[in-house]
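Please work through the exercises below with the sequence and the model open beside you. Each task is followed by a solution in steps.

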Amino acid sequence: IKAIALDKTGTLTSGEISVANIYHLDTYKKRDILQLMASLEVNSTHPLAKAVVKEAKIDNLSYLKTSDYHVVEGKGLKARINNKEYLLGNLSLVENKQGLEVFKNDIKNELDTGKTIIILAENEQIIAFASLSDTIKESSFEGVRMLQALGLEVALISGDHQQATAEVATKLGINNYYYGVLPDKKAQILQELKAKYGKIAM
């Protein structure tokens, strides 16, 4: 084996994700935004979703009834609550919605510090976003060093955005990283690594 590909969340990081900040339009309360987000995420098994639901539980928030629930692969989800359509997910899910400008600086600041963001849109309007943080496992530093000492090329593959992936890769001394990888693209990257290095481990 010449190379090994590693997932970021839950493998190199603790997977103990927590909500760092919630930003919203002035016409909404933080509590209401968290309730909407948790109501949309409550049935999801995604680590980011679990963090939002956990935060809502701390605040003793109840869940609102959702309908027309759809997962948008690699982007997030959409559903209806009280006859309004909601989208919750990454930037590519809401890029056609209005109001991103309002949050642009805050989003950039959060991304620059390696956080992951999820954005909430109500009908055609972006109304809020949350930033979430994860920590690198202590064992990952030693683990990556040992693999590299064995002469293995270590590659990091993540569905997360560029800054969050780059931050983890840089801290762990991994030069070869892939970000924003949707589930169907992961196999393609593994094939590319195989072509370059021969036998690889995942």
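**Exercise 1.** Decide which residues of helix 8 are buried, and on which side or sides of the helix they lie.

*Solution.* In helix 8, the buried residues are Ile-189, Leu-190 and Leu-193, where buried means under 20% relative accessible area, exposed over 50% and partly exposed in between, with a 1.4 Å probe and protein chains only. Because these three cover an arc of only 105° around the axis, they are on the same side of helix 8; the arc is that of the directions from the helix axis to the C-beta atoms. The face turned away from this buried side carries the exposed residues Asp-184 and Ala-195.

The model is a predicted one, in which local features need pLDDT of at least 70 and side-chain atom pairs count only at pLDDT 80 or more, while totals for chains, interfaces and linings use all residues. Residues are numbered from 1 along each chain as its sequence is written, and side-chain values use heavy atoms, with hydrogens and water left out.

**Exercise 2.** Find what covers the buried residues of helix 8, and describe the span of the helix and what follows it.

*Solution.* The cover includes strand 1 (3–7), strand 8 (153–157), strand 9 (176–178) and strand 10 (200–201); helices (H or I, at least four residues) and strands (E, at least two) are DSSP runs, numbered from the N terminus. Helix 8 itself (residues 183–197) has 15 residues and reaches 22 Å from its first C-alpha to its last, close to the 21 Å expected at 1.5 Å a residue, the expected span being 1.5 Å times one less than the number of residues. Just after helix 8 comes Gly-198, with a positive phi of about 85°.

**Exercise 3.** Work out the strand order of the open sheet and its edge strands.

*Solution.* The open sheet is formed by six strands in the order 2-7-6-5-4-3, with antiparallel pairing; two strands pair if DSSP finds at least two bridges between them. Strand 2 (18–24) and strand 3 (67–72) are the edge strands, since each pairs on one side only. Strand 3 is joined to strand 4 (residues 76–81) by four bridges in the antiparallel sense, and Val-71 has Leu-77 in strand 4 as its bridge partner.

**Exercise 4.** Is Glu-16 buried or exposed, and which residues does Glu-16 contact?

*Solution.* Glu-16 sits in the loop between helix 1 (8–12) and strand 2, and counts as exposed because its relative accessibility is 57%. Leaving aside neighbours within four places in sequence, Glu-16 is in contact (heavy atoms within 4.5 Å) with Lys-54, Ser-133 and Asp-134.
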